[in-house]
Amino acid sequence: MFLGHSRRLPKPPQRSGTMISSDLNASLSPVSALHLAVVMLVVWRAFAHRATAYLKSSSATDTDGGTDAVASEQRNRPHQRMIPKAEAAGDLQARDRHHLSLRKNEVLEVLDDSKLWWLVRNSQGDVGKVPYNYMRLVEDDVAKAPRTPAVARRAAKEPPPRGSSWQRSFCSCFQKCLPASPASPPASDQGQLCDASAKSCATPPTSELAAALHANREALVRLRDVLEGAGGEVDAHTDIYLLRFLLAEKGDEAAAARWLHDTTRWRLSIGAVEMRRQALAGAALFDLHPDVRAILSVCQSFPAHGRARDGGPLNIILHDGFSPTRVMETVSSAGFLGSMVALMEHNMAAADATSAASGSLTRMSFVFCYEGLSLSMINMRFLTTYFVKVAGLDSRYPSLIGAVSCVNAPSIFSFAFGAVRGMLSEDIRGRMRVEKPATSRAALLALAPACHLPAALGGDCESMPAAVAKRTGWDRVDPAERRELHADSKIRCYL
């Protein structure tokens with residue numbers, strides 16, 4: 001164990017390959033050799049049986065090409081997807097060459113349903129776009145046909161075809177996961193969808209709005225029945241309108257249905273249903289109610305004056321030169337209410353159409369400029385007989401009003417706001433942002449681009465844009481008459 005005294009081990013004997021074979025043969029007893037021979041015979045017989053079966057199957061395929069040939073052809077043929085079909089829920093007349101007219105209960109092939117307007121083909125071979133809420137997907141008999149195991153395996157590896165029953169249950173994680181969104185622009189008004197959606201959806205939706213509509217499709221169908229049962233009308237943007245009720249109730253379908261029923265009955269009684277129909281058809285604001293022009297002649301208001309940064313319609317109301325007495329002398333309280341309902345319907349139609357085009361739910365925004373506010377404008381008769389009737393209109397238009405920016409607020413604003421605070425809903429009070437003159441311009445530019453604001457409010461518009469005048473109806477009024485309006489206001493000659 002010590003160095004210099006290590007012990008040498010004997011070397012193992014060296015054997016050649018012949019010696020090893022001799023030892024193995026010598027070690028096998030007659031019984032072991034017999035066992036080895038039996039195992040080798042069994043293996044050989046199994047191999048021969050499989051080879052014979054393979055040769056027989058090949059011979060049968062080459063001679064008569066019967067059932068095996070058909071199965072082979074089916075295995076080698078690529079999987080053909082079925083074309084989903086949908087049934088028209090009602091009649092619809094096409095408005096341009098890109099659209100397709102529909103007949104109730106007509107069955108069409110769905111070529112593309114990735115957007116709110118589906119590309120479909122009718123039985124005559126005509127192809128065009130139709131609003132998806134007019135379509136009801138139907139089951140195709142091809143989907144129920146038996147498939148060979150090879151085709152079934154290939155189909156399992158492919159995403160299901162668009163418009164199938166898989167899509168009707170698309171992204172169930174969106175269900176009842178749409179909290180009310182913040183009012184401050186330019187944040188999305190769509191609401192925060194659950195984080196698990198991106199992980200659980202096999203195919204991502206084209207937009208947040210499309211995902212919400214797909215996820216709540218069954219609920220929207222039931223709400224549509226509630227709408228029609230209460231006397232309402234279905235149009236190209238009905239589902240976006242119904243989605244606003246679901247958003248306001250945070251996914252509570254029963255509460256949304258009750259709210260929708262009561263609102264529909266109210267809209268019928270006041271003529272709002274007809275106003276929406278006209279607004280969606282492109283009518284100007286003046287056409288929706290006879291007192292709108294009279295109200296806008298005595299109030300410094302510019303409805304739908306361009307777009308806010310979120311894409312929704314922008315409404316501007318100035319208070320310098322405002323006279324409650326003049327308003328009461330011009331229109332009745334019923335006319336004042338009807339005019340404000342017309343303004344809301346006009347804005348809602350524009351917001352729904354913009355939402356469908358942009359893929360994001362938009363709302364209407366308000367700018368109230370309080371420069372020139374005085375105590376003489378706080379008229380209790382006007383507040384208790386006129387203003388009180390329109391202060392709660394937001395309850396009839398859920399998820400429609402977005403930002404409410406009160407700019408150039410003077411020191412007496414707090415006193416004036418105290419007179420109307422109790423008439424406003426909690427939602428409206430939460431959306432209001434009051435800005436002093438020093439911070440007003442920055443707040444306005446954060447809400448809307450300068451090209452959509454009058455120069456009197458720090459924007460680029462020296463006069464009313466022609467598009468705004470056309471949407472409102474001012475383009476029909478004589479320019480000389482328009483120049484005489486609002487002579488006491490900072491926006492005189494703006495019309």
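This is a predicted model: local features need pLDDT of at least 70, side-chain atom pairs count only at pLDDT 80 or more; totals for chains, interfaces and linings use all residues.
Trainee: Which residues form the covered face of strand β5, and which the uncovered one?
Mentor: In a regular strand the side chains alternate between the two faces of the sheet. Strand β5 runs over residues 135-138, and its covered face holds M135 and L137. The uncovered face of β5 is left to R136 and V138.

Trainee: How many bridges join strand β8 to strand β9, and which way do they run?
Mentor: Strand β8 takes in residues 364-369, while strand β9 takes in residues 401-407. Across this pair, F368 stands opposite C406 in β9. The count of bridges between β8 and β9 is five, and the two strands run parallel.

Trainee: Is M364 buried or exposed, and what is its relative accessible area?
Mentor: M364 lies in strand β8, and, leaving aside neighbours within four places in sequence, its contacts include P313, L343, M344, I401 and A403. S399 is 35 residues away from M364 in sequence, yet the two C-alpha atoms are 9.4 Å apart in space. Because buried means under 20% relative accessible area, M364 counts as buried, with a value of 0%.

Trainee: Which residues does S405 touch, not counting residues up to four places away in sequence?
Mentor: S405 is found in strand β9, and with 8% relative accessibility it counts as buried. Its contacts beyond those places in sequence are F366, V367, F368, R433 and L447.

Trainee: T385 has a relative accessibility of 31%, so is it buried, exposed or partly exposed?
Mentor: The place of T385 is in helix α15, which spans residues 380-390. S333 is 52 residues away from T385 in sequence, but the distance in space is 6.6 Å from C-alpha to C-alpha. Since buried is under 20% and exposed is over 50%, a value of 31% makes T385 partly exposed.

Trainee: How many of the eight residues of helix α7 are buried?
Mentor: Helix α7 covers residues 208-215 and is mostly covered. The buried residues are L209, A210, A211, A212, L213, H214 and A215. Of the eight residues in α7, the number buried is therefore, by the cut-off of under 20%, seven.

Trainee: Is α8 roughly perpendicular or roughly parallel to α9?
Mentor: Two packed helices are described by the angle between their axes and the distance between the axes. For helix α8 (residues 217-229) and α9 the angle is about 100 degrees, and the axes are 10 Å apart. Angles of 65 to 115 degrees count as roughly perpendicular, so the arrangement of α8 and α9 is roughly perpendicular.

Trainee: How many residues of the contact of α8 with α9 are nonpolar?
Mentor: From α8 the contact has A219, L220, L223, R224 and L227, and these meet T238, D239, L242, L243 and L246 in α9. One residue of this contact is polar and two are charged, while the number of nonpolar residues is seven.

Trainee: At what angle do helix α9 and helix α10 pack?
Mentor: Helix α9 holds residues 238-248 and helix α10 residues 253-270, and their axes are 9 Å apart. The crossing of α9 and α10 is right-handed, and the residues making the contact include Y241, L242 and F245 of α9 and A256, W259 and L260 of α10. By class, this contact has eight nonpolar, one polar and two charged residues. The two helices are oblique to each other, with an angle of about 130 degrees.

How values were computed. Residues are numbered from 1 along each chain as its sequence is written. Side-chain values use heavy atoms; hydrogens and water are left out. Buried means under 20% relative accessible area, exposed over 50%, partly exposed in between (1.4 Å probe, protein chains only). Helices (H or I, at least four residues) and strands (E, at least two) are DSSP runs, numbered from the N terminus. Two strands pair if DSSP finds at least two bridges between them. Axes are lines fitted to C-alpha atoms, for helices over the stretch in contact, and angles run from 0 to 180 degrees between N-to-C directions. Angles under 35 degrees count as roughly parallel, over 145 as roughly antiparallel, 65 to 115 as roughly perpendicular and the rest as oblique. A crossing is left-handed if the near helix is turned anticlockwise from the far one by less than a right angle, and right-handed if clockwise. Contact means heavy atoms within 4.5 Å. Ala, Val, Leu, Ile, Met, Phe, Trp, Tyr, Cys and Pro count as nonpolar, Asp, Glu, Lys and Arg as charged, and the others, Gly among them, as polar.
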